[in-house]
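The sequence and structure are shown first.

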Amino acid sequence: MSWLFLLLGVLAEATSHVALKSANGFTNPLPTAVVVLGHITAFLFLSQAMKSIPVGIVHASWAGLAIILVTTLSSVIYNQHIDTKVWIGMIIVAVGLAVMNLSGAAHHH
């Protein structure tokens, strides 16, 4: 269940960060509300994930997955061009997360 909480935290955080562009310096009310609620929701989910997953694993997974998801969503939603070097970096982040989680470190308390 902790991994589900972690993934929900990533989704909330990514949604919040993507909405931040549309919030236009917090002058647009609806995206601003999405940003604030997204951050609160993300931290609520992350606090649940940390009950059984080590803090470092939660934070690294949350940050890495959020980076990948925000970059992908901003590319699609805002039609932002992401060059090949950035995508290579994303692959490196994903591989790093996989190695970290497959190492068994995610299961130590």
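The chain contains four helices and zero strands, where helices (H or I, at least four residues) and strands (E, at least two) are DSSP runs numbered from the N terminus. Along the sequence the pattern reads α-α-α-α. This is a predicted model, in which local features need pLDDT of at least 70, side-chain atom pairs count only at pLDDT 80 or more, and totals for chains, interfaces and linings use all residues. Residues are numbered from 1 along each chain as its sequence is written, and side-chain values use heavy atoms, with hydrogens and water left out.

The C-alpha atoms occupy a box of roughly 45 × 35 × 15 Å along the principal axes. Of the 109 residues in the chain, 31% are buried; buried means under 20% relative accessible area, exposed over 50%, and partly exposed in between (1.4 Å probe, protein chains only).

**Helix packing**

Helix 1 (residues 2-23) and helix 2 (residues 29-49) have axes that come within 7 Å and cross at roughly 160°. Axes are lines fitted to C-alpha atoms, for helices over the stretch in contact, and angles run from 0 to 180 degrees between N-to-C directions. Helix 1 and helix 2 are therefore roughly antiparallel (under 35 degrees counts as roughly parallel, over 145 as roughly antiparallel, 65 to 115 as roughly perpendicular and the rest as oblique). By class, the contact of helix 1 with helix 2 has 14 nonpolar, 11 polar and one charged residues. Here Ala, Val, Leu, Ile, Met, Phe, Trp, Tyr, Cys and Pro count as nonpolar, Asp, Glu, Lys and Arg as charged, and the others, Gly among them, as polar.

**Aromatic contacts**

The structure holds two aromatic pairs. Rings of Phe, Tyr and Trp (its six-membered ring) pair if their centres lie within 6.5 Å; planes under 30 degrees apart count as stacked, over 60 as edge-to-face and the rest as tilted.

| Pair | Centre to centre | Angle between planes | Class |
|---|---|---|---|
| F5 and F45 | 6.1 Å | 25° | stacked |
| F43 and W62 | 5.8 Å | 65° | edge-to-face |

F5 in helix 1 and F45 in helix 2 lie 40 residues apart, so this pair links distant parts of the chain. F45 is partly exposed, at 23% relative accessibility. The other pair joins F43 in helix 2 to W62 in helix 3 (residues 55-77), 19 residues apart. F43 is partly exposed at 47% relative accessibility, whereas W62 is buried at 13%.
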